[in-house]
Amino acid sequence: MTQITAAQARTIIEVAMKTGADKGFKPLSVVILDAGGHVKAFERADGAAPGRYGIAHGKAYGAVMLGMPGSAQMARAEAQPYFMAAVNGVYGGQVVPVPGGVLVKADGVVIGAVGVTGDTSDNDVVAALAGLEAAGLTGEA
């Protein structure tokens with residue numbers, strides 16, 4: 001597999017949103033990016049703040065561009081804030097280095113990322129991983 005398909009992207013979003021609703025999470029927003037950081041699919045739940053697109057995108061964008069999940073980015077930002085500030089400068093401020101940006105690989109190669117936002121970062125990860133599992137993919141959170 002060399003990419004996240006459109007069908008898989010729809011499944012990831014559908015299951016992530018359903019997981020959030022079933023678990024009583026706040027309204028979620030979910031974005032799927034391809035390996036080049038381009039939007040494959042996006043959905044914002046009813047009641048989610050309109051600014052959530054930028055946060056979901058930033059979580060996924062950082063994961064795919066840096067090849068590391070949001071949790072690793074956050075750890076790096078805490079250990080070396082100047083590094084993440086420089087990275088954000090390089091990428092025009094588009095990186096949101098927190099959990100909820102889930103890296104997707106196939107055979108060790110990055111094929112995309114999922115960004116979820118709306119609830120706590122830990123709950124965002126739960127929803128993202130549920131969506132990936134339903135789509136037959138594995139995420140690195």
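**Entry 1**

Helices (H or I, at least four residues) and strands (E, at least two) are DSSP runs, numbered from the N terminus. The model is predicted: local features need pLDDT of at least 70 and side-chain atom pairs pLDDT 80 or more, while totals for chains, interfaces and linings use all residues. Residues are numbered from 1 along each chain as its sequence is written, and side-chain values use heavy atoms, with hydrogens and water left out.

β3 also pairs with β4 in the antiparallel sense, over 6 bridges. I noted that Gly112 in β4 stands opposite Asp34 and opposite Val104. In the hairpin of β3 and β4, with 2 residues between the strands, Asp107 takes a positive phi near 55 degrees.

**Entry 2: burial of β4 and Thr117**

I checked burial next (buried is under 20% relative accessible area, exposed over 50%, partly exposed in between; 1.4 Å probe, protein chains only). In β4, 7 of the 9 residues are buried, so the strand is largely enclosed by the rest of the structure. Thr117, in β4 (residues 109-117), is buried at a relative accessible area of 1%. I recorded a polar contact at 2.7 Å between the side chains of Thr117 and Arg52; such a contact is a pair of N or O atoms within 3.5 Å, where within protein one must be able to donate a hydrogen and the other to accept it, and residues adjacent in sequence count only if both atoms are side-chain atoms.

**Entry 3: nonpolar cores**

I then examined the nonpolar cores (buried Ala, Val, Leu, Ile, Met, Phe, Trp, Tyr and Cys residues joined through side-chain atoms within 4.5 Å). The largest has 23 residues, and Val30 and Val114 are among those with the most contacts inside it. Helix α1 gives the most to this core, with 5 residues. Another core, of 12 residues, lies apart from it and includes Val31 and Ala56.

**Entry 4: salt bridges**

I found 3 salt bridges, each a side-chain nitrogen of Lys or Arg within 4 Å of a carboxyl oxygen of Asp or Glu. Asp124 and Lys59 meet at 2.9 Å, N to O; Asp124 lies in helix α5 and Lys59 in helix α2, 65 residues apart. Both Asp124 and Lys59 are buried. Lys18 and Asp22 have their closest N and O atoms 2.7 Å apart, and both lie in helix α1. Asp22 counts as exposed at 54% relative accessibility.

Definitions and conventions:
Pairing = 2+ DSSP bridges.
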